[in-house]
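Have a look at the chain first, then read on.

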Amino acid sequence: MSYDSFKSKLDRTHEWPSLYMFKFIVPAGKKEEVMALFPKNELKTRTSKNGKYISITANVMMGSSEDVIKKYHEAHEIKGLVAL
């Protein structure tokens, strides 16, 4: 999805500021890197059956669609991260 398309979709479906749910799957060793993206938020984690992966969900108050996109750009710097 392109930046403009994603931004447009966010703006159509949210009134800013708004609570936004981020959900990621990462290798177990990358958990702390994802948690560092949301230092002031409580995150929900769940480890996969074999323990190799962790799903992380963060419900975060975001100020704008640009803020959401910026957070995704930061997250995509983490090797092995999959955004859902």
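Helix 1 and helix 3 cross in the right-handed sense (left-handed is when the near helix is turned anticlockwise from the far one by less than a right angle, right-handed when clockwise). Bear in mind that this is a predicted model, where local features need pLDDT of at least 70, side-chain atom pairs count only at pLDDT 80 or more, and totals for chains, interfaces and linings use all residues. Residues are numbered from 1 along each chain as its sequence is written, and side-chain values use heavy atoms, with hydrogens and water left out.

**The helix pair**

- The axes of helix 1 and helix 3 come within 9 Å and cross at roughly 130°; axes here are lines fitted to C-alpha atoms, for helices over the stretch in contact, with angles from 0 to 180 degrees between N-to-C directions.
- That angle makes helix 1 oblique to helix 3, given that under 35 degrees counts as roughly parallel, over 145 as roughly antiparallel, 65 to 115 as roughly perpendicular and the rest as oblique.
- On the helix 1 side, Tyr3, Phe6, Lys7, Leu10 and Asp11 meet Ser65, Glu66, Val68, Ile69 and Tyr72 of helix 3, contact being heavy atoms within 4.5 Å.
- The residues of this contact split into six nonpolar, one polar and three charged; Ala, Val, Leu, Ile, Met, Phe, Trp, Tyr, Cys and Pro count as nonpolar, Asp, Glu, Lys and Arg as charged, and the others, Gly among them, as polar.
- Helices (H or I, at least four residues) and strands (E, at least two) are DSSP runs, numbered from the N terminus.
- Ser8 also sits in helix 1, and at 33% relative accessibility it counts as partly exposed; buried means under 20% relative accessible area, exposed over 50%, and partly exposed in between (1.4 Å probe, protein chains only).
- Ser8 and Ser65 are 57 residues apart in sequence, yet 8.3 Å apart in space, C-alpha to C-alpha.

- Four strands make an open sheet in the order 2-3-1-4, with antiparallel pairing; two strands pair if DSSP finds at least two bridges between them.
- The edges are strand 2 and strand 4, each pairing on one side only.
- Strand 1 (residues 18-27) and strand 3 (residues 53-62) are antiparallel and joined by 10 bridges, with Phe22 opposite Ala58.
- Two bridges tie strand 1 to strand 4 (residues 82-83), again antiparallel: Ile25 stands opposite Val82, and the bridge partner of Phe24 is Ala83.
- Strand 2 (residues 43-47) pairs with strand 3 over five bridges, antiparallel, and Thr45 stands opposite Ile56 there.
- Helix 3 (residues 65-75) lies across strand 1, strand 3 and strand 4, running at about 10° to strand 1.

- Most residues other than glycine have a negative phi, and most peptide bonds are trans.
- Strand 2 and strand 3 form a hairpin with five residues between them, and Gly51 in the turn has a positive phi of about 80°.
- The peptide bond joining Trp16 and Pro17 is cis, with omega about -5°; Pro17 is in the loop between helix 1 (3-13) and strand 1.

- Is Tyr20 buried or exposed? Tyr20, in strand 1, counts as buried at 9% relative accessibility.
- Leaving aside neighbours within four places in sequence, Tyr20 is in contact with Phe6, Leu10, His14, Ala58, Asn59, Val60, Met62, Val68 and Tyr72.
- Glu77, in the loop between helix 3 and strand 4, is exposed, with a relative accessible area of 68%.
- Glu77 and Val34 are 43 residues apart in sequence and 10.0 Å apart in space, C-alpha to C-alpha.
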